[in-house]
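Me: I am new to this structure. Please show me how to read its features, one at a time.

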Amino acid sequence: MATIKEISEKVGVSIATVSKVLNGQSGVSTKTQKKVQAVAKELNYRPNLNARHLKTGNSRTLGIITEDLTVFNTPKIVDGIGVSCDERDYHYILGNLRFNKRFGHNPIYAKEKEQLVQSVLDDMLSKQVDGILYVGCHSHAVAYLKPQDDIRFVCMYCFSEEQDIPSVNYNDREAAKKVAEFLISKGHRNIGVLAGDINSLHTNNRLLGFQEALYESNIPYNPNLTSFGEWEREHGYQNTQRLIEAGATAIFAHNDLIAIGVIDYCNQNRIEIGKELDLVGFDNREIADVCRPKLTTVNLPLFEIGRSAANIMLDMIEKKYIPEKHDMLMSCSIIERDSTG
């Protein structure tokens, strides 16, 4: 690979002149600039980013750590980060912890998770990244990240136990309230809820938003119309009959997989969703637009979460921004399809 010295010798100008051209600095004639650029291209010149970092103290590189790249939310968040990096001329290094594949949801692996996070952190710090963006696979408190003088952190789809580390998430409670208000506006008063895991922050925040909308509409909350379970299709299939027998005229499923289970049950029992029973899901997964009937659901601002978090990070790096509010909650929207008539 060519060096600046080789380019200067071939063009017949000083090394300082070549350096100015390649770094976009002024003080060089247009004619010389074109010559230097042409020779640099001819010799396949590539800048030495490590040397540049030593000189400027900024590698213009971010580290991205994902808890599991296969979880549906993560690719869109990473895409948002990538767009922000492209717009501001930064690079990124991606590290995938593969938590779900390695450990599942078993809490006994907490120590192993912490050790894995630290290993990936050490690797990224050895590559001189300017900041690390941490992407969770569900809403939870991250205990592994600690503020350090030489590195910055921002969390997405999760939050840090450390108050000084910013996070960007979506507003579960507000989104669920919108769903309840939407169904109430269609005349429903007996709304069944197929909730997720009872210990999940997502579940509890969505149930709070749902109850808030009922209260504001003077509709009593009926616990018999709520069923907790796993975030899987089978939960929807197994519990739809009980909610219908309890009087539900509409069902709010806490994710799209649970909602597909409702569709399975209704199709099997000739219950017409969108006419006899309204159904709303959550997440706007790909399946929501291809199932029959197409599913009304909550769309998550995943791309915007990634882009906003990256911009917060880059603003901190460039010393333009010190976040006053460390936890940003972004709004969701409802995409109305056939399952709500």
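Reply: Start with burial. A residue counts as buried when its relative accessible area is under 20%. Keep in mind that this is a predicted model. Now take isoleucine 77. Its relative accessible area is 0%, so it is buried.

Me: Where is isoleucine 77 found?

Reply: Isoleucine 77 is in helix 5, which covers residues 74–87.

Me: Which residues is isoleucine 77 in contact with, leaving aside its neighbours within four places in sequence?

Reply: They are Val135, Met156, Tyr157, Leu302, Ile305 and Gly306. Look also at proline 301. Proline 301 and isoleucine 77 are 224 residues apart along the chain, yet 8.7 Å separates their C-alpha atoms.

Me: How should I read a helix such as helix 7? What span should its residues have?

Reply: Count 1.5 Å a residue. Helix 7 has 17 residues, 110–126, so the span should be 24 Å. Its end C-alpha atoms are 24 Å apart, which agrees.

Me: Which residues of helix 7 are buried?

Reply: Lys113, Leu116, Val117, Val120, Leu121 and Met124 are buried. Viewed down the axis of helix 7, the buried residues fall within an arc of 135°, so they line one face. The face turned away from that buried side carries exposed Lys111 and Ser126.

Me: What covers the buried residues of helix 7?

Reply: Among the elements covering them are strand 1, strand 2 (91–96) and helix 6 (99–103).

Me: Now helix 3. How many residues does it have, and what span should they give?

Reply: Helix 3 has 13 residues, 30–42, so at 1.5 Å a residue the span should be 18 Å. The end C-alpha atoms of helix 3 are 18 Å apart, in agreement. Its buried residues are Thr32, Val36, Val39 and Ala40. These cover an arc of only 105° around the axis, which puts them on the same side of helix 3.

Me: Which residues are exposed on the other side of helix 3?

Reply: Thr30, Lys31, Lys34, Lys41 and Glu42 are exposed there. The cover over the buried residues of helix 3 includes helix 1 (4–11) and helix 2 (15–22).

Me: How do I read backbone angles?

Reply: Most residues other than glycine have a negative phi, and most peptide bonds are trans. So look for the exceptions. Just after helix 3, asparagine 44 has a positive phi of about 60°. Helix 7 is followed by glutamine 128, with a positive phi near 65°.

Me: What is phi of aspartate 283?

Reply: Aspartate 283 has a positive phi, near 120°. It is in the loop between strand 11 and strand 12. Its relative accessible area is 8%, so aspartate 283 is buried. Asparagine 284, in the loop between strand 11 and strand 12, has a positive phi of about 55°. At a relative accessible area of 16%, asparagine 284 is buried.

Me: Which residues does a cis peptide bond join?

Reply: Arginine 292 and proline 293 are joined by one, with omega about 0°. Proline 293 lies in the loop between strand 11 (278–280) and strand 12 (297–299).

Me: What about charged side chains?

Reply: Side chains of opposite charge can pair when their charged atoms come close. A search of the whole structure finds 14 salt bridges. In one of them, aspartate 172 pairs with arginine 206, with 2.6 Å between the closest N and O atoms. Aspartate 172 is in helix 8 (residues 172–185) and arginine 206 in helix 9 (residues 201–216), 34 residues apart.

Me: Are aspartate 172 and arginine 206 buried or exposed?

Reply: Both aspartate 172 and arginine 206 are buried. Next, arginine 173 forms a salt bridge with glutamate 212, the closest N and O atoms being 3.4 Å apart. Arginine 173 is in helix 8 and glutamate 212 in helix 9, so this pair ties together parts 39 residues apart in sequence. Arginine 173 is partly exposed, at 38% relative accessible area. Glutamate 212 is also partly exposed, at 27%.

Terms used
Residues are numbered from 1 along each chain as its sequence is written. This is a predicted model: local features need pLDDT of at least 70, side-chain atom pairs count only at pLDDT 80 or more; totals for chains, interfaces and linings use all residues. Side-chain values use heavy atoms; hydrogens and water are left out. Helices (H or I, at least four residues) and strands (E, at least two) are DSSP runs, numbered from the N terminus. Buried means under 20% relative accessible area, exposed over 50%, partly exposed in between (1.4 Å probe, protein chains only). Contact means heavy atoms within 4.5 Å. The expected span of a helix is 1.5 Å times one less than its number of residues. The arc is that of the directions from the helix axis to the C-beta atoms. A salt bridge is a side-chain nitrogen of Lys or Arg within 4 Å of a carboxyl oxygen of Asp or Glu.
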